[in-house]
Amino acid sequence: MIFSLSQIIKNEAVRLGFNLVGITSAKPHPDRLCFFEWLDQGMAATMDWMYRSREKRGEPTLVLPGVQSIICVGLLYKTDYPQSLECQDKERGWISNYAWGDDYHEVFLSKLKLLEQFIHEKNLDVQTKSYVDTGPLLERSYAASSGLGWIGKNTCLIHPHLGSFFFLGEILTNLKLEFDASMMDHCGKCTRCIDACPTQALTPHKLDANKCISYLTIEHRGRIDEKLVAQVGHHIVGCDICQDVCPWNDKAPCTKEKSFEPGPGLFNPDLDSLEKIGENFSEIFKKSPIKRLKKEGWERNLKIVRKNKVV
Ligand code: B12
Ligand code: SF4
Ligand code: SF4
């Protein structure tokens, strides 16, 4: 059987351990108009880097002139540990699934670089650029166009068999490849994620970062608005609620990537055991995505979770 170059690249992506792969056009994405509106409504809160890269995110030719195709890949991070809603002991905090293991940027990027290298070995003239949440691109929108899933009302990309607990990465290239078809939306009349969000940060397909616990605990610097402190609940890093309640995650399989399993003491941690981490924050989290919070964010969040425990 003779495979096209697109199929050869996809086969290699699967061989490297990616759970999803699809290809789409690198044309400006129609979703960028929704993205501009989201920015103009102040929904990116203090994430200034998003305002600065406004034009580039939906127009890949601004980062790689001559780009034709985007190869989108997905890597599952779901493990078989219980979900956040099943872990409500007040003495314990919650660290989001995505942050349990090694930093996904590094785990994912090392695989993606192998795929990039493979493409270069096949074609001498090829230009490529790889991203895993590391560059200005509307990753969910391009992944949806490449058929990796649909964008749910919780704004996550969801696949009918794999759910939404997967990361996204892309290779931008000047190769003209065969494009895949997008998938239909399977949210239907469901509103579970919107109803479950403790801060009402969600309206269908739109998330207001100003109210989102994930934003507040990971990206926000300085004090958290007093009005939102109680709703942060037991969340020390990120929030999984709008994915935990999603029916498409109920039967989703677990990752084969061992480095996404929880590091020592990070699954539903006992608050007392986290007491001393502050002093060694940089050393303990040097290989973890938790380093993004910096020591100040980590200690601020712990203080809030301890306060919420006694309320
Ligand atoms: C900024 C950011 C955040 C912010 C804002 C999130 C948000 N929803 O916008 C905060 C800090 C809150 C956040 C949280 C999380 N994030 Co984040 N985040 C990003 C980042 C860097 C940019 C996202 C972005 O552009 N947002 C702006 C909004 C407007 O864009 P969007 O979410 O892509 O939405 C598009 C669609 O909604 C569409 N659209 C608009 N209107 C409509 C209407 C309809 C009907 C439809 C169908 C579509 C549609 O247009 C939008 C623009 O393209 C991406 C990486 C990247 N470069 O894309 C990761 C990314 C989205 N995050 C990711 C993850 C894992 C998370 C968390 C799960 C981490 C956690 N546990 O705490 C949570 C999930 C919270 C949630 N429900 O989104 C993954 C998501 C993977 C997936 N399967 O979807 C990404 C892709 C990183 C990666 N490479 O894997 N994140
Ligand atoms: S991550 Fe949490 S706070 Fe943010 S939208 Fe989802 S449920 Fe709401
Ligand atoms: S909980 Fe329901 S509405 Fe929300 S993303 Fe999942 S299927 Fe869609």
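**Entry 1: a helix pair.** I began with helix 1 (residues 5-15) and helix 5 (residues 104-122), whose axes come within 10 Å and cross at roughly 150°. For my own reference, axes are lines fitted to C-alpha atoms, for helices over the stretch in contact, and angles run from 0 to 180 degrees between N-to-C directions. Helices (H or I, at least four residues) and strands (E, at least two) are DSSP runs, numbered from the N terminus. On the helix 1 side I found Leu-5, Ile-9, Glu-12 and Ala-13 in the contact, facing Leu-115, Phe-118, Ile-119 and Lys-122 of helix 5; contact here means C-beta atoms, placed from the backbone, within 7 Å. I sorted this contact by class and got six nonpolar, no polar and two charged residues. My classes: Ala, Val, Leu, Ile, Met, Phe, Trp, Tyr, Cys and Pro are nonpolar, Asp, Glu, Lys and Arg are charged, and the others, Gly among them, are polar.

**Entry 2: ground rules.** I noted that this is a predicted model, where local features need pLDDT of at least 70, side-chain atom pairs count only at pLDDT 80 or more, and totals for chains, interfaces and linings use all residues. Residues are numbered from 1 along each chain as its sequence is written, while chains are lettered from A and ligands numbered from 1 in the order in which they are written.

Entry 3: Next I traced an open sheet of four strands in the order 1-2-7-4, with antiparallel pairing (strands pair if DSSP finds at least two bridges between them). Strand 1 (20-25) and strand 4 (128-131) are the edges with a single partner strand each, so one side of each has no neighbour in the sheet. I counted eight bridges between strand 2 (residues 69-76) and strand 7, and Ile-70 has Leu-172 of strand 7 as its bridge partner. Helix 5 packs on the sheet too, touching strand 2, strand 4 and strand 7.

**Entry 4: ligand 1.** Which residues come nearest to ligand 1? Of the 36 around it, they are Cys-34, Asp-133, Glu-139, Ser-214 and Gly-238; "around" means a C-beta atom, placed from the backbone, within 6 Å. Helix 8 gives the most to this shell, with four residues. Domain 1 (5-81 + 100-173) and domain 2 (192-253 + 262-310) both contribute, so ligand 1 lies between them; the bounds come from an automatic or database domain assignment.

**Entry 5: ligand 3.** The shell here includes Cys-187, Cys-190, Cys-193 and Cys-246.

Terms used:
Contact = placed C-beta atoms within 7 Å.
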